[in-house]
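Have the sequence and the 3D view open side by side as you read.

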Amino acid sequence: MNCKYSLLFLFLCGFAALTVSEKCKTELLEGTSCIMEMPTKNIDKSNEIKWVHLSSGDYIHRKNGKMKKITPGLKMEEDGSFKFERVSLKNTGKYTYSVFNAEGTQISAGAKEINVYAKAPKPTVTIDCKDGVATLTCDIGDRTDLTVSWYKEGKIIQNEKNTKLLLTSTQVQEGKPYSCSVRNPVSNDQSDSVPVSCTGAKGDGSVPRTLFGFDFWIMVSILAGGGALLLLLICVLIICACRSCNKKKHEQDEDELRLRILQDQNLNGTARSKHTARGQPAPPVPQEDPSPQTPTQTQTQPKAQIRGRPPPPPEDEEEYPPPLPQPRNKQQRKRHEEPYRPME
C-alpha cells in the first residue's frame with residue numbers, strides 16, 4: 001500500500017516538474033512560470049554565471065558553485081538556466097548573461113528579451129446619442145496594450161485600436177446589435193451585444209429622460225402614488241380627530257344634562273334658577289291652583305301686605321340656584337291665624 005502511494009507521489013512530482021519547466025516565450029501572460037534556457041551547453045558547475053535585467057538592474061550571480069546574489073522570485077538551475085517562478089509586468093525587458101571559466105575568462109555571452117502582458121479585461125459598450133447619430137465606445141479602462149475590434153451581428157466591421165465607433169442615423173434606425181472585442185498577444189475577450197437605439201421619449205432621437213438615474217415616467221408614477229397615499233393618511237387622521245372631538249362634546253352634554261336633572265331633584269318644586277348651567281333660560285314651573293276657601297276664611301284672614309317683586313339676581317350669580325325659603329316661625333303663624341277684629 002505504501003509502495004502505491006510512493007509511486008503516485010513520484011508521478012505527480014514528475015508531472016509538476018514537466019509543467020513548470022516550460023520554456024519562456026517572447027510573449028508571456030502575467031503569472032506564468034517558465035525557464036529562460038542557457039544557450040551555451042556543457043556548462044561546468046565551477047563556471048561563473050551572471051544574469052542581469054537591464055531595465056531594473058536585478059541580477060543573479062553564481063560563482064564556484066555558490067549563489068552570491070539571490071533576487072526573490074528568480075532562481076538559477078544547475079545548467080545555468082534562468083527560472084521565473086511567476087512572471088510579472090516588471091519582468092518585461094532584456095536579460096543578458098555572461099559565462100566565465102575558472103581562470104576568469106569570458107567564454108560565452110548573450111541576451112534574451114521577454115514581454116509580459118496582463119490578461120485582457122471584458123469590455124463594455126456604451127452608447128451616446130446626439131441629433132440621431134450614435135457614438136459607440138468600447139470601455140477598456142486605461143489599458144493601452146489592447147487592440148479593439150468592432151462587430152455587427154457577430155461579423156467584424158473594424159479592426160484597429162480605435163475604441164470609438166461612429167454610426168450614422170441610417171445605421172441607428174436599423175437597430176442592429178453591436179459588440180467589441182479586445183486582445184493582446186496572450187489573451188482576448190469580447191463584450192456583450194448591445195442593440196443600438198436613440199429613440200427618446202419624444203421620438204426625435206434624443207436620449208431618454210431620467211430622474212434620479214431611473215426612467216422619468218416610472219419615477220413620476222412612484223412619486224404620484226406616494227403623494228396620494230400620504231394625502232389619504234392625512235384625511236384619515238383629520239376624520240379621526242373630528243370624531244374624537246364630537247364624542248367628547250357629546251359626553252360633556254350628557255354630563256351637563258345629568259347635573260341639571262340632579263339640581264331639579266334637589267330643589268323638589270322650590271324656586272329654580274332662571275338659567276341653566278349653559279346660560280339658557282330655564283322652563284317655567286307650573287303653578288298649582290289654590291284650593292277654594294270659604295267666605296268666612298276670606299273675611300277673617302287679614303289682607304296680605306303687597307310686596308314688590310324682588311329684583312333679578314345679578315348675571316354673575318345666575319348660574320347658582322337661589323337659596324331655599326325658610327319656614328315661618330310659630331308666633332307669626334298664630335298672629336295671622338287670629339280672627340280679624342274691627343277697630344272701634
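Cys-138 and Cys-180 are joined by a disulfide, with 2.1 Å from S to S; keep in mind that this is a predicted model. The angle about the S-S bond is 75°, which gives the link of Cys-138 and Cys-180 a right-handed sense. This pair ties together distant parts of the chain, with Cys-138 in strand E11 and Cys-180 in strand E15 (residues 177-184), 42 residues apart. Both Cys-138 and Cys-180 are buried.

Next up is Cys-129, which forms a disulfide with Cys-198, the sulfur atoms being 1.8 Å apart. Here the link is left-handed, at -70° about the S-S bond. Cys-129 and Cys-198 are both buried.

The total is 3 disulfides, and Cys-24 to Cys-34 is one of them, at 2.0 Å from S to S. Its link is right-handed, with 90° about the S-S bond. Cys-24 sits in the loop between helix H1 (2-20) and strand E1 (27-29), and Cys-34 in strand E2 (residues 34-36). Count the bonded cysteines along the chain and the pattern reads 1-2, 3-6, 4-5. Cys-242 is partly exposed at 43% relative accessible area, and Cys-245 is exposed at 52%.

E11 (residues 133-139) pairs with E14 over 4 bridges, and Leu-136 stands opposite Leu-165 in E14.

What about the aromatic rings? There are 5 aromatic pairs. Phe-82 and Phe-84 are edge-to-face because their planes meet at 75°, over the 60 degrees required, with centres 5.0 Å apart. Phe-84 also pairs edge-to-face with Tyr-95, at 5.5 Å centre to centre and 75° between the planes. That pair bridges strand E7 (residues 82-84) and strand E8 (residues 93-100). Phe-84 and Tyr-95 are both buried. Trp-51, Phe-82, Phe-84, Tyr-95 and Tyr-97 make up one aromatic cluster.

Key:
Residues are numbered from 1 along each chain as its sequence is written. This is a predicted model: local features need pLDDT of at least 70, side-chain atom pairs count only at pLDDT 80 or more; totals for chains, interfaces and linings use all residues. Side-chain values use heavy atoms; hydrogens and water are left out. Rings of Phe, Tyr and Trp (its six-membered ring) pair if their centres lie within 6.5 Å; planes under 30 degrees apart count as stacked, over 60 as edge-to-face and the rest as tilted. Helices (H or I, at least four residues) and strands (E, at least two) are DSSP runs, numbered from the N terminus. Buried means under 20% relative accessible area, exposed over 50%, partly exposed in between (1.4 Å probe, protein chains only). Two strands pair if DSSP finds at least two bridges between them. A disulfide is a pair of cysteine sulfur atoms within 2.5 Å.
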